[in-house]
Amino acid sequence: MQSGTANTQKWVLEFEPELAKDIDPLMGWTGSRDMRGQVRMKFATQQEAEAYAVRHSLPFEVKPVHKKKRHIQAYADNFK
C-alpha cells in the first residue's frame, strides 16, 4: 500500500506547547490544559502563513520541505 499525497500542499501553523502534558492520577490518561496545542491553521501559501503570524505578532519558524522518497513496486513483487 502506498500513501497518498492529497492535502500535502498546504502550509500549517502550529503553536508550541506552553504547558507540559500531565497524567491523570485516576485513569492514567495523558492530557493538557493548553488549548493552543489543539489549534492547527492551514494556509494555501507560505506567504499567507507568514503574513498571519506577523499580523498577530506571533514568533514563527519555517521548516524546510521534506522530499519524500518513493518506492514504486507492483503488487506482484510482494510474492517474489
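Me: Which side chain does Arg40 meet in a salt bridge?
Reply: The side chain of Arg40 meets that of Glu14, at 2.7 Å from N to O, a salt bridge being a side-chain nitrogen of Lys or Arg within 4 Å of a carboxyl oxygen of Asp or Glu. This is a predicted model, in which local features need pLDDT of at least 70 and side-chain atom pairs count only at pLDDT 80 or more, while totals for chains, interfaces and linings use all residues. Residues are numbered from 1 along each chain as its sequence is written, and side-chain values use heavy atoms, with hydrogens and water left out.

Me: Where do Arg40 and Glu14 lie?
Reply: Arg40 lies in strand E4 and Glu14 in strand E1, so the pair ties together parts that are 26 residues apart in sequence; helices (H or I, at least four residues) and strands (E, at least two) are DSSP runs, numbered from the N terminus.

Me: Are Arg40 and Glu14 buried or exposed?
Reply: Arg40 and Glu14 are both exposed, where exposed means over 50% relative accessible area, buried under 20% and partly exposed in between, with a 1.4 Å probe and protein chains only.

Me: How many salt bridges does a search of the whole structure find?
Reply: The search finds 3 salt bridges. Among them, Glu18 pairs with Arg36, with the closest N and O atoms 2.9 Å apart. Glu18 lies in the loop between E1 and strand E2 (22-23) and Arg36 in the loop between E3 and E4, so this pair ties together parts that are 18 residues apart in sequence. Glu18 counts as exposed at 53% relative accessibility, whereas Arg36 is partly exposed at 33%. Asp77 and Lys80 also meet through their side chains, at 3.2 Å from N to O; Asp77 is partly exposed, with a relative accessible area of 33%, and Lys80 is exposed at 82%.

Me: What about Asp34, where is that found?
Reply: Asp34 is found in the loop between strand E3 (30-31) and strand E4 (40-43). Asp34 is buried yet has no salt bridge, and the nearest side chain of opposite charge, Arg36, is 6.0 Å away, counting Lys and Arg as positive and Asp and Glu as negative, with His and the chain ends not counted.

Me: Then what lies 3.3 Å from a polar atom of the Asp34 side chain?
Reply: That is the backbone nitrogen of Arg36. Leaving out residues up to four places away in sequence, Asp34 touches Glu16, Pro17, Glu18 and Leu19, contact meaning heavy atoms within 4.5 Å.

Me: New topic: which residues of helix H1 are buried?
Reply: In H1 (residues 46-55), the buried residues are Ala49, Tyr52 and Ala53. Seen down the axis of H1, they fall within an arc of 95°, so they line one face of the helix; the arc is that of the directions from the helix axis to the C-beta atoms. The face turned away from that buried side carries the exposed residues Gln47, Val54 and Arg55.

Me: And what covers the buried residues of H1?
Reply: The cover includes strand E1 (11-14) and E4.

Me: Which residues make up the largest nonpolar core?
Reply: The largest nonpolar core has 6 residues, namely Leu13, Phe43, Ala49, Tyr52, Ala53 and Leu58, and H1 supplies its largest share, 3 residues. Such a core is a set of buried Ala, Val, Leu, Ile, Met, Phe, Trp, Tyr and Cys residues joined through side-chain atoms within 4.5 Å.

Key:
Polar contact = N/O pair within 3.5 Å; in protein donor to acceptor, adjacent residues only side chain to side chain.
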